Amino acid sequence: MSNGAGRILLDVRGLCASVAGVPILKGIDFTVRAGEVHAIMGPNGSGKSTFSKVLAGHPSYEVTGGSAVFDGVDLLALSAEERARSGFFLSFQYPVEVPGVANAQFLRLAYNTVLGGRGRDELDPLEFDDFVREKMKLLEMDPAFLDRSVNTGFSGGEKKRNEILQMALLEPKLAFLDETDSGLDIDALRIVAQGVNHLRSADNAVVLVTHYQRLLNYIVPDFVHVMDGGRLVKTGGRELALELEARGYDWIGKQAA
Amino acid sequence: MDVTKISREFLDALLSGAAPVPAEGLAALRSHALERANALSVPTTRDEEWRFTDLAPLYRLALKRPLDDVPMPSGEAIAAWIAEEVPTRLVFVDGRFSPALSSALTAGRTPELTVTTLAAAMASADAVVQAHVGKLAGVDDDLFAAVNTAWLRDGVFIRAGRGAAGGTIHCLFLATQADVVQHPRVLVVAEEGAQVALVEDYVSLQEGAYCVNAVVEIAVGANARVRHVKVQRDSAKAFHLATTAVSVQRDGFYGNLAVTFGGRISRNNISIRQDGPGTEFELDGLAFIDGRSVADTHSFVDHAHPHGRSRQLHKCVVAGGAHAVFNGRILVREGAQKTDSTQENRSILLSDKAHVDTKPQLEIFADDVKCAHGATVGQLEAEEVFYLMTRGLSEGTARNLLTYGFAADIVNRIPIASIVKSLAARLLEHTGGQEIA
């Protein structure tokens with residue numbers, strides 16, 4: 001997929017961040033080019049989710065050093081909604097439930113805000129209904145999910161499909177998928193992965209943040225990185241994920257030390 | 001200023017002209033209520049039941065009886081408040097029944113379902129009315145229920161006979177005059193196996209101050225099901241005092257969904273008593289208030305028999321300098337084994353001056369029961385706001401959408417689509433309108 005020639009979408013240099021005064025990210029260098037798929041793996045507590053949230057603009061994390069340039073723009077200077085509008089997408093590990101707000105209302109609002117901001121025509125409820133139903137087919141989602149409250153009472157797999165549906169609607173340049181595979185059965189995993197693969201192009205990129213190798217059977221990465229102690233300690237190709245699955249994470253720390 | 005003197009004058013004004021029309025069998029009830037109303041003093045914040053809600057602004061009002069000779073509003077004037085999918089509608093204007101605005105009282109009727117005015121039922125000495133009215137809403141210690149009962153001359157009477165199926169009745173109480181007091185009264189009797197739904201709806205066609213002093217009594221028979229929706233959308237200057245008293249017999253169901261948009265001060269007392277085993281109660285409440293409204297809900301769930309279930313969710317959205325009060329009392333009496341009861345009160349404060357007092361009150365005298373309760377007061381969850389912002393929504397839009405959803409979660413449970421639509425539109429007005437629609 002990648003020949004190393006795509007334009008640079010994300011360039012992170014020496015990124016450090018802390019939460020409530022506790023350093024979590026301790027100097028991350030990470031580059032993603034258009035057309036690439038990266039996987040970031042690592043044990044629990046290594047900082048994988050924090051990295052995604054810091055890039056998405058979570059207010060609880062304080063960036064204490066380094067830089068992140070997203071498609072030529074200083075990502076860290078943007079608010080969370082500006083990052084989303086400029087094409088950065090985060091699929092949440094734990095998507096938030098919003099009782100009382102119909103999924104269709106939420107999705108249309110997000111679509112009109114993000115794509116409207118890029119010059120696309122805003123869609124009224126009827127137009128949007130047709131549009132979103134097409135996208136839902138990709139994820140084999142029942143249209144009944146449009147009328148239900150956002151993520152409320154959804155199973156784990158339904159929530160993750162709803163995340164990828166948002167990715168399909170918002171057409172991001174760069175999507176971070178945080179633990180999109182955890183808690184999914186094989187059927188749901190296959191559907192979600194098919195959806196992601198369908199959305200990939202030479203102009204965008206995907207970063208899979210995952211604890212498990214399993215997802216990488218379905219979305220094949222160009223690069224696999226291992227995070228440990230708030231740093232990317234090892235980078236390799238797809239075979240690194242298989243090695244991690246066979247040997248666990250312990251050997252990495254020893255090798256890096 | 002002597003509060004005692006003012007309140008005495010206030011009370012005299014409330015009671016003046018409370019000369020009951022004669023009705024077979026109710027004279028004793030009314031004269032007893034009048035006696036109690038004269039004996040009781042008006043509540044102040046020194047009374048435990050009123051410590052969070054100060055009625056002094058009400059006592060300063062010079063209230064009078066509504067005039068009888070003012071013209072009734074036109075059908076057009078009230079069109080916005082009509083629920084088209086509910087054919088049976090009783091309309092009261094400043095407490096007075098309006099046959100012209102109401103549906104024909106035979107509309108949608110079956111032999112098992114009686115919907116009429118209390119005046120008509122009392123005039124014919126209806127035995128069911130005589131057996132039930134004043135039995136649930138006690139007057140001995142409750143001044144406002146006593147005043148309402150002393151005034152008792154009209155209201156709504158619904159009787160769903162054995163096995164009567166379905167039927168929703170919309171009771172619309174309109175306020176068209178300022179500085180008056182109205183005393184709405186509703187009696188619902190659902191006999192064994194019957195099913196009926198009541199919508200109690202308070203609306204104002206003017207912006208001045210007035211007082212609603214309502215009493216609703218609902219007797220749910222064995223295995224009967226009653227759903228009760230109360231919508232209170234009085235004027236911002238209105239005072240709304242309401243007593244809802246319910247008893248539920250063996251295996252019966254009672255669901256109460258109450259939405260209040262405040263008024264100057266609103267106080268809803270809801271008490272539900274278990275009169276047999278195996279009953280089920282659902283209580284959903286929303287106070288959505290702004291300005292300097294005070295919205296006070298006092299609920300009392302009385303588990304007096306085994307195998308009772310109750311679920312309560314009361315939400316408050318408090319903006320401006322408004323003040324919400326929730327006092328949720330649950331009593332599980334000795335012998336009420338296997339009671340399964342939950343209560344949750346969730347409040348969102350939208351400004352620094354907004355204020356909530358919440359007081360769960362569990363009293364459990366049986367040992368084999370499940371009771372859970374919780375109360376949260378705070379701002380919107382930062383994680384929820386962040387989630388919406390990662391989808392491109394501005395922080396303001398995200399907050400509005402979450403506030404809307406928090407409130408709509410209760411409103412959406414109302415089983416009448418046109419009322420949901422009308423209330424959702426009102427929620428939207430206060431949460432960014434088209435920006436989130």
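Colleague: What pLDDT does chain B average?
Modeller: This is a predicted model. Chain B averages a pLDDT of 92. At least 70 is the score for 95% of the residues.

Colleague: And which ipTM and pTM does the model score?
Modeller: ipTM is 0.95 and pTM is 0.92.

Colleague: Chain B next. Which domains does the assignment give?
Modeller: Domain 1 spans 3-276 and domain 2 spans 383-437.

Colleague: How many residues does each domain of chain B put into the contact?
Modeller: Domain 1 of chain B gives twelve residues. Domain 2 of chain B gives eleven.

Colleague: Which elements of domain 1 give two or more residues to the side that touches domain 2 of chain B?
Modeller: Strand 10 (225-233) and strand 12 (253-260) of chain B. Strand 10 gives the most, with three residues.

Colleague: What is that side of domain 1 like by class?
Modeller: It has eight nonpolar residues, one polar and three charged.

Colleague: Where do the C-alpha centres of the two domains of chain B lie, in Å apart?
Modeller: The centres of domain 1 and domain 2 of chain B are 31 Å apart.

Colleague: Switching to the chain contact. How many residues come from chain A and chain B?
Modeller: Chain A gives 19 residues and chain B gives 21.

Colleague: Which elements of chain A give two or more residues to the side that touches chain B?
Modeller: Helix 2 (80-85), strand 7 (98-102) and helix 3 (103-117) of chain A.

Colleague: And what classes does that side of chain A have?
Modeller: The side of chain A that touches chain B has 13 nonpolar, four polar and two charged residues.

Technical notes:
Residues are numbered from 1 along each chain as its sequence is written. Chains are lettered from A and ligands numbered from 1 in the order in which they are written. This is a predicted model: local features need pLDDT of at least 70, side-chain atom pairs count only at pLDDT 80 or more; totals for chains, interfaces and linings use all residues. Domain bounds come from an automatic or database domain assignment. Two residues are in contact if their C-beta atoms, placed from the backbone, lie within 7 Å. Helices (H or I, at least four residues) and strands (E, at least two) are DSSP runs, numbered from the N terminus. Ala, Val, Leu, Ile, Met, Phe, Trp, Tyr, Cys and Pro count as nonpolar, Asp, Glu, Lys and Arg as charged, and the others, Gly among them, as polar. pLDDT is the predictor's confidence in each residue, from 0 to 100.
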